[in-house]
Amino acid sequence: MKFEKEINRRKTFAIISHPDAGKTTLTEKLLLFGGAIQTAGAVKSNKIKKHATSDFMEIERQRGISVATSVMTFEYEGFLINLLDTPGHKDFAEDTYRTLTAVDSVILVIDSVNGVEDQTRRLMEVCRMRDTPVIVFVNKMDRDGKNPFYLMEEIENELKLTLHPMTWPINSGKDFKGVYNLSNKSLRLFAASTKGEEDETTFAISDLSDTILEAKIGERDANQLREDVELIDGVYGELNKEDYLTGKVAPVFFGSAVNNFGVQEMLDTFITIAPVPRSRETSMRLLEVGEDKFSGFIFKIHANLDPKHRDRIAFLRVCSGRFERNKYFHHVRLDKDIRFSNPYSFLARSKDVIDDAYPGDVVGLFDTGSFKIGDTLTEGENFFFTGIPTFSPEIFKELVNKDPMKTKQLEKGVSQLTDEGVAQLFTQFGGNKKIIGCVGDLQFEVIQYRLLQEYGAACEFRTMPFFKACWLTSKDSKKLEDFLRFKQQNSAADKDGNPVYLAQSEWFLNTEISNNPDIQFHFTNEVNK
Ligand code: G4P
């Protein structure tokens, strides 16, 4: 393998969580360990404020800043780690889903007080579709959280994930005394630290019956820990790395990100077991990560709304070979060779022009409208990367043109914005209405604003009574045609002409599914089929 050394030192991952569980705080601690930032608080300032839901320009401004931290690259113990940021705001969930197609593993943060929350469920569904390896970090152990056994059960049941504890907590809240590391058999006493360094609170305890345990945590907690560990050892045994790598088992760590406690244990395990970039499926064949020739795909497009800095950055994940500046690569969909004179890499808080990049890396490409999500670049071969799904929107509104003189501009604008992945466009079969589907309300404001500012097209939105879009397929084309005709008001074509059923409610959806056994209802759609 020509680039073996570069490939084997890269780990590309994302941290996912329900807002407020501690993703930003954990990110910051990892960057401190990696020496990518020197002070606490550096990441925080780039975060989209969760509560600023009404002012989308303010959110966009913050998103603009956060482009610089879209990918945070740092070195740790000889590894080059690419941490892909995912927006905390729920209205940008699509961005997160797509980012998950570009990573090789994830760290899932769970708040020990709140347990499994909404957003966590959805994000894990996406991970499961791809069998993405997951490490769980149970955060906020310094608060009175749920009993760790209950919490594990909740996570296993709700997220359909088999867990494997790597550390075990001794109490929580104000009685939190620390964690016992089940694999290297050491006790780490809880002490708040905000720096990325080890402290003097770790003790090796090869035999849990050793009375040193009483001396360190008191008799009651020592006995409880012995009992817990006996139970855990009996159930779990050693972690099977292969089960982790295939997404079947998720190692779990307990800690407190804000106190930088339990983070290093997790990071050390992460660099040992997390996967390096792997081979990927394409429309033609399995693309081996070690192939000499370059290939990669666009997983996210960021457009800056600030009229003073209007630019679009397409994020490319390198999948094989070497990406080089100024070299011509083949844009498969457009059947066109293009080169990039200013490709960016993202180091924490700054953008740098780079000369080359390897599998696992993410490169930012300036884009003037030639990319859409899922586009593939190669050294000449014609294939597309697969496994890049589109999800059903959650809010649907009719797009109403307010200025018939600007119909062309409106169409062009909508087409480009949907290429970027800001929203999805459906055309209703009965009545030909244009329906825009988004994950959050904020996107409708963004679309209206951008259509006017960038394309001079005025529009408004009318609420539609749909809650989900399902893509339809059937071996029996006649049955599908009949269904679409009978259900005209609920049928539409997506932007690429695929038939879609728009359901008013769960009840309607389930009824149609059971009444039409010859038609398959899909909750996601492949971008590259
Ligand atoms: P997010 O990115 O997942 O949305 O969460 P974030 O890191 O912003 O954390 C959400 C809140 O939880 C923050 O408090 C943060 O300080 C706090 N937090 C993170 N880790 C821990 C922990 O281990 N223990 C405790 N007790 N709190 C933790 P905030 O008040 O919203 O923000 P700030 O004023 O502290 O910045």
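Trp471 stands opposite His522, a residue of strand E32. The model is predicted, and residues are numbered from 1 along each chain as its sequence is written. Local features need pLDDT of at least 70, side-chain atom pairs count only at pLDDT 80 or more, totals for chains, interfaces and linings use all residues, and side-chain values use heavy atoms, with hydrogens and water left out.

Strand E29 (residues 468-473) and E32 pair in the antiparallel sense over three bridges. Two strands pair if DSSP finds at least two bridges between them. The names of helices (H or I, at least four residues) and strands (E, at least two) refer to DSSP runs numbered from the N terminus.

E29 and E32 belong to an open, antiparallel sheet of eight strands, with the order E28-E25-E27-E26-E30-E31-E29-E32. Strand E28 (459-463) and strand E32 (520-522) are at the edges with a single partner strand each, so one side of each has no neighbour in the sheet. From one strand to the next, the twist averages 40°. Angles run from 0 to 180 degrees between N-to-C directions, and axes are lines fitted to C-alpha atoms, for helices over the stretch in contact.

Two helices are in contact with strands of this sheet. Helix H12 (residues 442-455) lies across strand E25 (395-401), strand E27 (434-438) and E28, and runs at about 155° to E28. Helix H13 (residues 477-486) packs on the sheet and touches E29, strand E30 (491-494), strand E31 (499-503) and E32, with a direction about 150° from that of E29. Contact here means heavy atoms within 4.5 Å.

**The four-stranded sheet**

Another open sheet has four strands in the order E7-E8-E9-E10, again with antiparallel pairing. Its edge strands, strand E7 (167-170) and strand E10 (202-204), each pair on one side only. On average, neighbouring strands of this sheet are turned by 20° against each other, direction ignored. Four bridges link E7 and strand E8 (residues 178-181) in the antiparallel sense, and Ile170 has Gly178 in E8 as its bridge partner. Helix H8 (residues 219-236) packs on this sheet, touching E7, E8 and strand E9 (186-189), and its direction makes about 150° with that of E7.

**Cores and strand E15**

In soluble globular proteins, nonpolar side chains tend to be buried together. A nonpolar core is a set of buried Ala, Val, Leu, Ile, Met, Phe, Trp, Tyr and Cys residues joined through side-chain atoms within 4.5 Å. The largest one in this model has 76 residues, and Val136, Leu225 and Phe323 have the most contacts inside it. Strand E15 (residues 312-320) gives the largest share of this core, six residues. The core draws at least three residues from each of domain 1 (4-273) and domain 2 (280-378); these bounds come from an automatic or database domain assignment. A second, separate core of 28 residues includes Phe33, Ile135, Phe137 and Met266.

Nine of the nine residues of E15 are buried, so the strand is largely enclosed by the rest of the structure. E15 pairs in the antiparallel sense with strand E14 (residues 295-303) over eight bridges, and Arg312 in E15 is the bridge partner of Ala303. Strand E22 (residues 362-367) also runs antiparallel to E15, joined to it by six bridges. There, Ile313 stands opposite Phe366 in E22.

Buried means under 20% relative accessible area, exposed over 50%, and partly exposed in between (1.4 Å probe, protein chains only).

| Residue | Relative accessibility | Class |
|---|---|---|
| Glu420 | 3% | buried |
| Glu324 | 24% | partly exposed |
| Asn147 | 36% | partly exposed |

Glu420 is in helix H11 (residues 407-420). A polar contact of 2.7 Å joins its side chain to that of Arg312. Such a contact is a pair of N or O atoms within 3.5 Å; within protein, one must be able to donate a hydrogen and the other to accept it, and residues adjacent in sequence count only if both atoms are side-chain atoms. Not counting residues up to four places away in sequence, Glu420 touches Arg98, Ile301, Ala303, Arg312, Ile373 and Arg450.

Glu324 lies in strand E16 (residues 323-324). Beyond residues up to four places away in sequence, Glu324 touches Phe329, Asp355 and Asp356.

Asn147 lies in the loop between strand E5 (134-139) and helix H6 (148-159). Asn147 and Ser172 are 25 residues apart in sequence, and their C-alpha atoms are 8.4 Å apart in space.
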